[in-house]
Amino acid sequence: MRFFPRSADGAAAQWPNQRANLRRLVASRWIVLAVMAVLSAGAPGLLAIPLPQTPLFVVLAVAAAFNALVDRRLRGACHATSGELFSQLLFDIVALAALLFFSGGATNPLISLLLPPLAFAALTLPVPGVLAAGAIAIAAYSLLLIVYVPLPIPDAARATQLHLIGMWLTFAVSAALIAWFVVRLTALVRQRDAELAAAREQALRDERVLAMGTLAAGAAHELGTPLATMSLLAGELAVDASLPPAVREDIALLRQQIAACKDIITGLSRRAGAERLDRPPLQAADRWLDKLRQHWHAIRPQAASRLTVGSDGPAPQLAADPRLEQALLNLFNNAANATPQPLEIRLAWGSDDLCIDIRDHGPGFPPSVLENAGQHGLPAHAGGSGVGLLLTRTAIEQLGGRLRLINPDAGGALARIELPRKLPETAHA
């Protein structure tokens, strides 16, 4: 009979956090062994109870040496199996049964210390392991009813009083151990539930972004024809000498914007294909950011911005990912939509990270956006659908970075991008 399921390679299946559970068991075992050692050493003198101290201390010494070996192994171990935890609990039951055998067997009120290992098994092991541990504990209790070394206490009244004191001590130790186990394991369960909820939310966001990416690819394909038509008509209007100079300037701007749209659309497949297969060339972060800012000004000439560098020394080399560029362009556009005043763009870096601040002097982020940290994007508005911030956050997190949204005390809104100086390899694969 197998108490624990096995994987295809024959190794015992893992139960969540078994290494952490085993470390808690080792720590609690030290406490129990210390209490048992004090009782074994002090009971004969304080309570006038003759105990066979030599076999008791031999059992305690074996248990302490075993616990020290387990503690040493756990310091260098990366994981533990349910079978290993079951064997540790079995050792505790056997060691306690041996101590009780030399100190009155089932008549010893400390017999209830067999319960904490069962409670720990119920919280950490699969059902077969719990049933096996319970059966072994019951068998040990039943055997101690028959086979044990009796305690010679001739005074029945004093024996009853000592029994009651022992029951109180057993209850206190058992309650403390069980409460500690339950509190720590409940905290782990809550932490795991929070991590699972965050993972589910991330999966939903990624699914939404993937769906929008599919729709964007189709829309980009369909936009090619109307853009070509507009480009043709704008070219014909540009050569019409009868138009006023102001109209000709507007037509030139229109042709520039159409060309920018065509560049964006034709660059989608290039960026998603060949460029993503090759490692992007390294660029100085300040020059790369200034080049991206100038590109944004070409697309949006009515906007203004100022770039400052807040760190000394040469700027770090950055293999810029197209997703990072698109994320910054989204933030530039959101900030420019909030206010006609120039944007303040600041670049700074440390030994391990790089920070880009984008600040505007508009009304600031809505409270709902600050509350969810932009995880669901901006509310839909007249200028767009409000999903740009969601796409930006997703792209930055995929690159190992973090997006922070702040409303400074001086007013306006601040979007801060924190990135590792070396972007992960998966960003370029």
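In which element of the protein is confidence lowest, and in which is it highest? In this predicted model, in which residues are numbered from 1 along each chain as its sequence is written, local features need a pLDDT of at least 70, side-chain atom pairs count only at pLDDT 80 or more, and totals for chains, interfaces and linings use all residues. Side-chain values use heavy atoms, with hydrogens and water left out. The pLDDT, which is the predictor's confidence in each residue on a scale from 0 to 100, averages 77 over the protein, and 79% of the residues score at least 70. Confidence is lowest in helix H8 (residues 274-277), with a mean of 46, and highest in strand S4 (residues 343-349), at 91; helices (H or I, at least four residues) and strands (E, at least two) are DSSP runs, numbered from the N terminus. Over residues 5-16 the pLDDT stays under 50, and the model has 17 contacts beyond four places in sequence for this stretch, a contact being heavy atoms within 4.5 Å. Residues 377-385 likewise stay under 50, with 17 contacts beyond four places in sequence.

Two packed helices are described by the angle between their axes and the distance between the axes. Axes here are lines fitted to C-alpha atoms, for helices over the stretch in contact, and angles run from 0 to 180 degrees between N-to-C directions. The axes of helix H2 (residues 53-76) and helix H3 (residues 82-101) come within 10 Å and cross at roughly 165°, which makes H2 roughly antiparallel to H3; angles under 35 degrees count as roughly parallel, over 145 as roughly antiparallel, 65 to 115 as roughly perpendicular and the rest as oblique. The crossing of H2 with H3 is left-handed, a term used if the near helix is turned anticlockwise from the far one by less than a right angle, with right-handed used if clockwise. Residues of H2 in this contact include Val62, Ala63 and Phe66, and those of H3 include Phe91, Ala95 and Leu99. By class, the contact of H2 with H3 has 11 nonpolar, one polar and two charged residues, where Ala, Val, Leu, Ile, Met, Phe, Trp, Tyr, Cys and Pro count as nonpolar, Asp, Glu, Lys and Arg as charged, and the others, Gly among them, as polar.

Phe91, which lies in helix H3, is in contact with Arg29, Val62, Ala63 and Phe66 when its neighbours within four places in sequence are left aside. The C-alpha atoms of Phe91 and Pro117, 26 residues apart along the chain, are separated by 9.9 Å.

Helix H4 (residues 115-124) and helix H5 (residues 127-144) pack at an angle of about 170°, with their axes 9 Å apart, so that H4 is roughly antiparallel to H5. Leu118, Ala121 and Ala122 in H4 meet Val130, Ala133, Gly134 and Ala137 in H5, and this contact has six nonpolar, one polar and no charged residues.

The axes of H9 and H10 come within 11 Å and cross at roughly 55°, which makes H9 oblique to H10, and their crossing is right-handed. Among the residues in contact are Leu292 and Trp296 in H9 and Leu328 and Phe332 in H10; by class, the contact of H9 with H10 has nine nonpolar, two polar and two charged residues.

The count of aromatic pairs comes to three, where rings of Phe, Tyr and Trp (its six-membered ring) pair if their centres lie within 6.5 Å, and planes under 30 degrees apart count as stacked, over 60 as edge-to-face and the rest as tilted. Trp296 and Phe332 form a tilted pair, 5.3 Å centre to centre with 50° between the planes. Trp296 lies in helix H9 (residues 285-299) and Phe332 in helix H10 (residues 322-338), so the pair ties together parts that are 36 residues apart in sequence.
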